[in-house]
Amino acid sequence: MEKCFIQMRAYNDEKTIKRAIDSVLMQDYPNVELIVLDDGSTDHTGDIVKGYDNPNVHYVRQQNKGPAGAFRAIVAETLRRADENDYIFSLDGDDFYTRRDALSGTVKRMKEADANMYYRHGIQRRQKFYFAA
């Protein structure tokens, strides 16, 4: 079964990061990995993430590089871990899923449409994508 990778960027999200992580861990999709990239937080964001004793929650910290630097870093980390048939989702440290079937429902719709990208307003049919590192 394909894996769903959730890439989560966080910066000083100590007030919201637990809710975000918990919303990922409650998903009914059976094969989920969460990568949290801490972009140099100066609060307790890292302590909260490291407090999860779950092999599917990965914590990566870097010096603050801003939104674009954090985006590049988490994409690189996710691509290092994911296979080409896995699904990649983004969720920021101050966002959360409201439904347990958010991932499974989206994966189902993507498979039905033979899509490899899902946008809020539509899907993109399967095609090759190449990412520059």
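**Contacts and burial in a predicted protein chain**

Leaving aside residues up to four places away in sequence, Phe89 touches Cys4, Phe5, Ile6, Gln7, Tyr97, Leu103, Thr106 and Val107, where contact means heavy atoms within 4.5 Å. Phe89 lies in strand 4; helices (H or I, at least four residues) and strands (E, at least two) are DSSP runs, numbered from the N terminus. At 12% relative accessibility, Phe89 counts as buried, a word that means under 20% relative accessible area, with exposed meaning over 50% and partly exposed in between (1.4 Å probe, protein chains only). The C-alpha atoms of Phe89 and Met8 are separated by 8.6 Å, although these residues are 81 apart along the chain.

Residues are numbered from 1 along each chain as its sequence is written, and side-chain values use heavy atoms, with hydrogens and water left out. The pLDDT is the predictor's confidence in each residue, from 0 to 100. Its mean over the protein chain is 88, and 86% of the residues reach 70 or more. Over residues 121-133, however, the pLDDT is below 50, and in the model this stretch has 22 contacts beyond near neighbours in sequence. Where pLDDT is low, the predicted coordinates should not be read in detail.

Now to the chain as a whole. Its secondary structure comes to 4 helices and 6 strands, and from the N terminus on the elements run β-α-β-α-β-α-β-α-β-β. Of the 133 residues, 41% are buried. Among the contacts with a separation of 6 or more, 69% are between residues 24 or more positions apart. The accessible surface comes to about 8300 Å², with 49% of it belonging to carbon and sulfur atoms; such areas come from the Shrake-Rupley method with a 1.4 Å probe, and for residues only the protein chains shown count as cover.

An α-helix has 3.6 residues a turn, so residues three or four places apart point the same way.

Ser23, one of the residues of helix 1, counts as buried at 4% relative accessibility. Beyond residues up to four places away in sequence, Ser23 touches Leu91, Phe96 and Tyr97. Phe96 also takes part in another arrangement: the charged end of Arg19 sits over the ring of Phe96, 3.6 Å from the ring's centre. A charge sits over a ring if NZ of Lys or CZ of Arg is within 6 Å of the ring centre and within 35 degrees of the ring normal.

Helix 4 is followed by Asp114, whose phi is positive, near 50°.

In strand 3 lies Val60, which touches Ile35, Val36, Leu37, Asp38 and Glu77 when residues up to four places away in sequence are not counted. Val60 and Gly46 are 14 residues apart in sequence, and their C-alpha atoms are 8.9 Å apart in space.

Asn12, between strand 1 and helix 1, is partly exposed at 27% relative accessibility, and its phi is near 50°, a positive value in a residue other than glycine. Asn54 belongs to the loop between helix 2 and strand 3 (57-62) and is partly exposed, with a relative accessible area of 25%; its C-alpha atom is 9.9 Å from that of Leu34, 20 residues apart along the chain. Asp95 counts as partly exposed at 34% relative accessibility, and the C-alpha atoms of Asp95 and Met8, 87 residues apart along the chain, are separated by 9.2 Å.

Key
This is a predicted model: local features need pLDDT of at least 70, side-chain atom pairs count only at pLDDT 80 or more; totals for chains, interfaces and linings use all residues.
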